[in-house]
Structures are given as C-alpha cells and as structure tokens.
Amino acid sequence: MTGALPRRRLLALSAGAGLVLGTGLGAPQLLSGAPRTGELVRSRLPLPQPFQVPLPIPPTLQPVEQRPDADVYEIVQQQARQQILPGVDTTVWGYQGSFPGPTIESRRGRTTIVRHRNELPVPTVVHLHGGRTPPESDGYPTDLVLPVGSDHDQQAGHGHAGPMHDPDAVISHGAATYTFPLEQRASMLWYHDHRMDFTGPQIYRGLAGLHLVRDDEEDALPLPAGDRELPLMITDRAFEADGSFRYPSVDPTLRTTPGVQEPYIEGVFGDVILVNGAPWPVHEVTGTRHRLRILNASNARRYDLALDPPPPGGHGLVQIGSDQGLLELPRAHDRLPIAPAERYDVVVDFGRYPVGSTVTLVNRLGTGSTAQVMQFVITGTGVEHSMVPDRLSRIEPLQRSQAARVREFDFRAGTVHGRHGWRIGGKPFSPTRIDAAPALGEVEIWRFVADLHHPIHLHLVNFRVLSRGTGGPSPYDGGLKDTVDLRPGEAVEVIARFDGYRGRFVFHCHNAEHEDMAMMANFAVT
Ligand code: C2O
Ligand code: CU
Ligand code: CU
C-alpha cells in the first residue's frame, strides 16, 4: 500500500474487517452507533438559516417528438450558474443546466428515448437507476459520451489505459441516444452520471434527475396526487468560499487520476442538506395526506428520517413503496433509514396535526446542520380526496427453493492499483472480468458480506431481501428493491430473477466514492 491513512481511520477500517473475521457474521450491533460512511467536508462560507427557501419541484420534461410507440426527449448536459444558497451563485453541471435535472414521466411499457448532448468539459455516461434497460442503453461505465467537439485523440486520454482498457466500450462523440423500454412496474427511478472512475464528483456537481414510471395499477389507487405528490431528492453538499461545490478530488479537473484525497476515501459528506437542490427548504401543505417520494441521491451519507414532532399516536410515515414500486401492503413506520440510491414512497397525513403546526423532517443520524432536512408548514385544512388502501399491489413470490444457485460476494476495503480503495471479492473493478453469469430467466440468491456500510446496487433486476444476519429482512427491506444497505459485519441475502435482457451489466456499491475507487463488478446475463 502506498500513502498513509490517518491512523484513526486505518484502525476503523481494520476493526470493521477484523470483526467480520473474528466474530463471524450477524453481529452488526457490536459496531452500531460507531460506523460512519464518510468524512465531513465543511463549507467555507456562512450557511443560511434553515427553512427559508421554498421547496422547488423540478419541472417535467416535455418530449420533442411523440411517436405512436415512443416519446423522444432531448437533454443537454451543460454548465450553468444556479442559486442554491440564497444570494450565492454555484456553477453546476446539470441536465438542461439544472440541478436536479428535469423530471421525466413515462408510462410502463411505452418506450422512452432520450438523446443526451454533452456540452460539459469531460466525458459523461447516463444511467437510468432502477431501469430494466438493454445493455447498450444502460450506461455501462466505459460507454463514454465525449464532449461536443472533442477529437479522436482525446479518446485515449479519457479512456482508461492499462488495466482499465475496455475493448467493448462504445464511445460516442458529442451525443448519444438511450432507449428505455420501461417494461416494469410503476416506480420512481433516477438518472445520473455513471462515468467510469468519476461518477462521484460528476453527480456531486449536479448530474442527477428523477424519472417517474406510471402504470394503470397505480393510477387505480386513491393515493394523493397532483400537488399532493412531492418528489424529494435529498443530497448533501459542501461549498467553497466562492460558492462552487467543494469536493476533495485527487484531480479536480476530473481528467486523470480518479478518487478522492485519503481522508475522504470512506465517502464524502457535505454540511448542507439539499432537497431538490434547495438548502433545508420549507413547503406549505394543507392538513391532508401527501405522498412523499423520497430518494437519497447523496454520494455517501445515510439518513435516518423521522417527523418532528411525530403525529399523536406515532407511525406518521406510512410506507407504500420501495425502490421498485408499490409494496403489497402499506407499512407504518416512525423512522426510515435510507442509504444512497434507496427510495421510499411514503404517505404522511398532515391532517393528524393541528392547522398552523410546523413539522420538520429530521435526520437522526446527523448532527448540527445535518440533523435537519426540510420543514412542512400546515396552512389550512383542505379537502381530503385520498386514502391508503389496505392492499396496494401484488408481487410474485420468489422462494428460496426456486434459486438455481447461491453466489457470495464480499465488500471490503483493500488495495486498488497500489492505492487505498474498495474491492468486491478481493478484486478491484475491471470492465473485462465477469464475476457472475446467470442464465436469462433464472432465479439466484446472492449473499453479500460487508466490512462497513455498503449500499449494494444491481443493474437490470429487482430483488427481495431474504435475510439479514441470522434473521429475516428488516422492517425497511420490504417490497422490490434494487439497492440494499449492508451493515458492518453483516451478511445479507437477496433473491432475484435475472430476466429482461442478455448482456453485460454492473453491480456495485452506491457509496459513490467506493464505486469510483473500484467497488464494482460485472455480471453477464447469458
Ligand atoms: Cu445508481 Cu450503477 O447506479
Ligand atoms: Cu442502476
Ligand atoms: Cu461501499
């Protein structure tokens, strides 16, 4: 290993690893309370008061063309100035120049075609997270879209020489077209950058947007809709004195060396919590049910969300869906732990509070500025049109006995090309190595083991959590997922059917710093 981790860090990392070896699995509580998933980067300007800025709702993107069987969209990836902190201009890299990007709304089974033009100074890749997408449109990390006007010589510099060269990469110049069949359940997906080795800083600068898939099953339910359905994309960021985003890249030009400076290799935390790109926003609601569609789009920060105060009687957060759409039955919670890339679909009944109250969405894992997320102000009574039905959906059961095989992967710190990084099964990511080759349509159980917290995401498929440690899934693991948060020293089993499309897909840790520092691997559906 080269470089020196601060000793405290090194101890923390080896303690995590040692626990797994020394005590066996299923003892996460030994480390609970302790484990962080990142290191705080502090802003170099004064932070604003919370709950001053109204909650922005990203605009819905209009198609440029509607074909009988498909909607066609165009997105320009560009640099722009945006006021994120009041009175301060921040340069963002945004889809249509904004952070978050515009929201795309699609119908299940209706093809969505998105043409992306890259006017940024670096290569990009677009991935639709949670999309059941053929491999050529899934945003494989080396399928780079080079900046408009870049010449062929630049290709060598932007690709990955040596161990990272990928002979199968499809390089586009200036623009690329992604086709999403969206043969999948209604759910809230998100699109974000996925450039090999530089996903963390490129999402951090703003390359993330929401993509809602609707279907008839969901439309038939009397859920809160219209302005009572609120997408909430939660991120944390830090700012430089000049208002730019502060991110500790080894190479801030994002051209050569990937990764972050050593103190931050566990992940980058910011001290400002943004919802839909606004710091600790406030939103006025009537005392009625509202549907909150929550995404943690932070690079590394996990949140434990709760309502403060809770409504009388508690259980204020009624979960109706998870990453991949509706649950079978609603499930009421007092808190919602959420790791990067996870989603919750939740109904909150503000009618349980007196008119005039303020209700804060808090983060019980945060301290100081990061302990609060946003605030709701209940301004009137309002007419209630919605309810949460007793049964929401049906989900095909998958039994352990249906699995053709069990695979095991472990996720831990390790050396990556001579530097500190993160590995799966002891190996750093290589585009040319396939670590699993499930047959199309086959059911498999994947067993994950972790040293620290790692939110593990599979492309293409959805899965169910079968077990955590020696027990069953947690109350928050319900429904169909595409990302599961592993806890330190814990083994988690998930079961998935590998259907949809044949081809090469990635699975990886969605702590974006871990992902960029090699915690990614390939599976090929054959
Ligand atoms: Cu949200 Cu491979 O990504
Ligand atoms: Cu994904
Ligand atoms: Cu990780």
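Modeller: Start with the copper ion (ligand 3). H454 (ND1), C509 (SG) and H514 (ND1) coordinate the ion, at 2.0 to 2.1 Å. Keep in mind that this is a predicted model.

Biologist: What spacing do the donors of that copper ion (ligand 3) follow along the chain?
Modeller: The pattern is H-x54-C-x4-H. H454 and C509 link distant parts of the chain, 55 residues apart. H454 sits in strand 30, and C509 in strand 34 (residues 503-509).

Biologist: Is H454 buried or exposed?
Modeller: H454 is buried, because its relative accessible area is 0% and buried means under 20%.

Biologist: And C509, buried or exposed?
Modeller: C509 has 0% relative accessibility, so C509 counts as buried too.

Biologist: New topic. What coordinates the copper ion (ligand 2)?
Modeller: Two histidines, H127 and H457. Each uses NE2, at 1.9 Å.

Biologist: Where are H127 and H457 in the chain?
Modeller: H127 is in strand 7 (residues 126-129). H457 is in strand 30 (residues 454-458). The pair is 330 residues apart, so to speak a link between distant parts of the chain.

Biologist: Are H127 and H457 buried or exposed?
Modeller: Both H127 and H457 are buried.

Biologist: What joins D308 and P309?
Modeller: A cis peptide bond, with omega about 0°. P309 is in the loop between strand 19 (303-308) and strand 20 (317-322).

Biologist: Why point these bonds out?
Modeller: Because most peptide bonds are trans.

Biologist: What about H315, where is that?
Modeller: H315 is also in the loop between strand 19 and strand 20. Its phi is positive, near 50°, and H315 is not a glycine. Most residues other than glycine have a negative phi.

Biologist: How accessible is H315?
Modeller: H315 has 41% relative accessibility, so H315 counts as partly exposed. The partly exposed class runs between buried, under 20%, and exposed, over 50%.

Biologist: And what is phi at A518?
Modeller: About 90°, a positive value, although A518 is not a glycine. A518 lies in the loop between helix 5 (512-516) and strand 35 (520-525).

Biologist: Is A518 buried or exposed?
Modeller: A518 counts as buried, because its relative accessibility is 9%.

Note on methods. Residues are numbered from 1 along each chain as its sequence is written. Chains are lettered from A and ligands numbered from 1 in the order in which they are written. This is a predicted model: local features need pLDDT of at least 70, side-chain atom pairs count only at pLDDT 80 or more; totals for chains, interfaces and linings use all residues. Side-chain values use heavy atoms; hydrogens and water are left out. Donors are N, O and S atoms within 2.8 Å of the metal (3.2 Å for Na, K and Ca); water is not among the atoms, so sites may look incomplete. Helices (H or I, at least four residues) and strands (E, at least two) are DSSP runs, numbered from the N terminus. Buried means under 20% relative accessible area, exposed over 50%, partly exposed in between (1.4 Å probe, protein chains only).
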